Amino acid sequence: MLSIRREICGYCGACVSVCPEGALELVDAYLTVDADRCRDCGICARVCPLGALEVADERSL
Amino acid sequence: MNDHYDVLIIGGGPGGAMAGKAVAEAGLSCCIIEKRPAIGTPVRCAEGVGQEIYDFIDLDPKWVSAKIQGAELVAPNGQVIQLSSEMAGNEVGYVLDRKMFDRELIWRAANAGCEVYVKTRAVDAIVENGVVKGAKVEYAGKIRNITAKIVIAADGVESKFARWCGIDTVVPMAELETCVQYLMTDIDIQPGVNVFYMGNEVAPEGYVWIFAKGERTANVGIGISGKKCRDGNRPKDYLDRFIQEKFPDGKIIELIVGGVSACRPLTSTVSAGLMIVGDAARVSDPLTGGGIINAMYTGRLAGEVAAECIKEGDVSAAALKKYDVLWRESAMGKGLERNYQIKEIFIRLSDDKMNSILGSVQKIDLEKIGTKEIVKELIKYNPWLLKEISSLKKILG
């Protein structure tokens, strides 16, 4: 399950651009995740420049 | 805000602004929506541009933080390669103040007649029978359907609009440069000189930049490949180590993060009723990461072609294809492909080979020859390049 550490997130959109499912979006300067679309692949967490995203179970890397 | 425009532009960066200005100047109705509450902020950019900027706008000193007259490359072994103004032209370029610059571009679009709405975001595309007809837009807390003859997606690297229209815009993880930048002050730099540090230790598959913004102020940033990014070795970790070594007493007054695509552009940047520009089209330079000029170029071109197609009453994919063909055939388009191939070579280089290549750069007269000739010269001094890397032959033709 993807978790967003909002105190760290810089809302830059790097994660949004790599998400293969289109599950992430920047809304009003907040990163949001569509839990129905997210497959917990962890790609977004890998590219985050600040380490604001965490996936408990990274399956498809 | 009206319910219908000739052209609806998603995103108020340089690409969107140039598109809006071109459409408005052609006498058509257009509207730019920007999801952020202010144009040009937060900045997600190192703010450097070359002198090609004059192809689009006469720079006002108010938007220029520093004029850059030289550059230095620092090889992994510490060797400094100086690119003087004599080697790289009289004016290497400028470091902009994007907060001011982006606002100016939007003002010009607005003055030409383009409507602009901030804190307004697209939440979905309106597509009928495969033709993009507009966008569902959240404005003042309400969702509205805004229709348009053409929608121009200028929504940056995190572009969602084209995805909603069925176009695959995903950036491969390995081809996303993940970036962190500090605006630092009270640091010893060379005003008027931009510095690039290379090497797998300092910035794997990327580089550290110091872009002077004043006498003792600079954008100090880093981009590394997404595939090299992990806990303890994220861009911020690399940059903090660099800062600790080079500028331990410097003061960080701004933190900027972002992603830059270093992949090829989208396979197609148009579909029926849709055009895609700038970072959303993946036209940032895959070698340098530079994206401002390319966004301005594609934005302006898209606006011009959109106006032309609307006046002719044909917004089909075939009609809009003119935009896609024109930018790909332009110097920018050809440069993107060439620099993509060069980037693919450079990311595979060991530090030793990078030292060898950078060491030979100083022997080359950069003023008199083009990129292809520079590559040929590099091979002259590093013949192993051609032997080991067959793709270089393609670049040289």
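Reader: Is R121(B) buried or exposed, and at what relative accessibility?
Author: The model is predicted: local features need pLDDT of at least 70, side-chain atom pairs count only at pLDDT 80 or more, and totals for chains, interfaces and linings use all residues. Residues are numbered from 1 along each chain as its sequence is written, chains are lettered from A and ligands numbered from 1 in the order in which they are written, and side-chain values use heavy atoms, with hydrogens and water left out. Buried means under 20% relative accessible area, exposed over 50% and partly exposed in between, with a 1.4 Å probe and protein chains only. R121(B) therefore counts as buried, at a relative accessibility of 13%.

Reader: Which residue of chain A forms a salt bridge with R121(B)?
Author: A salt bridge is a side-chain nitrogen of Lys or Arg within 4 Å of a carboxyl oxygen of Asp or Glu. Across the interface of chain B and chain A this rule finds 1 such bridge. Its closest N and O atoms are 3.4 Å apart, and R121(B) is joined there to E25(A).

Reader: Which residue of β10(B) also pairs with R121(B)?
Author: The closest N and O atoms of this second salt bridge are 3.6 Å apart, and R121(B) pairs there with E138(B).

Reader: How much area is buried between chain B and chain A?
Author: 31 residues of chain B are in contact (heavy atoms within 4.5 Å) with 27 residues of chain A. K160(B), M173(B) and R234(B) supply 25% of the area that chain B buries against chain A, more than any other three residues. Buried area is the accessible area (1.4 Å probe) that two parts lose on being put together, summed over both. Carbon and sulfur atoms give 55% of the total, which is about 2,100 Å².

Reader: Which element gives the most residues to the side of chain B that touches chain A?
Author: The rule finds 13 residue pairs in polar contact across this interface, both residues at pLDDT 80 or more. The elements of chain B that give two or more residues to this side are β9 (121–128), α4 (161–164), β12 (176–185), α5 (235–246) and β16 (251–261). With 4 residues, the element that gives the most is β12(B).

Reader: What is the distance between the backbone nitrogen of A212(B) and the side chain of N194(B)?
Author: N194(B) is found in strand β13 (residues 193–198) of chain B, and with a relative accessible area of 8% N194(B) is buried. Leaving aside residues up to four places away in sequence, N194(B) touches I68(B), G70(B), A71(B), E72(B), V95(B), I210(B), F211(B) and A212(B). A polar contact is a pair of N or O atoms within 3.5 Å; within protein, one must be able to donate a hydrogen and the other to accept it, and residues adjacent in sequence count only if both atoms are side-chain atoms. From the backbone nitrogen of A212(B) to a polar atom of the N194(B) side chain is 3.2 Å.

Reader: How far apart in sequence are the parts that R144(B) and D3(B) tie together?
Author: The side chains of R144(B) and D3(B) meet in a salt bridge, 2.9 Å from N to O. R144(B) lies in strand β11 and D3(B) in the segment before β1 (4–10) of chain B, so the parts tied together are apart in sequence by 141 residues.

Reader: How far apart are the end C-alpha atoms of helix α7 of chain B?
Author: The expected span of a helix is 1.5 Å times one less than its number of residues. For the 13 residues of α7(B) (317–329) that gives 18 Å, which agrees with the end-to-end distance in the model, 18 Å.

Reader: Which residues of α7(B) are buried?
Author: The cover over these residues includes β11 (142–153), β17, β18 (274–276), α6 (292–311) and α8 (331–346) of chain B. S271(B) is found in β17 (residues 270–271), and S271(B) touches A317(B) and L320(B), among others. The buried residues of α7(B) are A319(B), L320(B), Y323(B), D324(B) and W327(B).

Reader: How many of the 11 residues of helix α9 of chain B are buried?
Author: M354(B), I357(B) and L358(B) are among the buried residues of α9(B). The helix (residues 351–361) is mostly covered, and its number of buried residues is 8.
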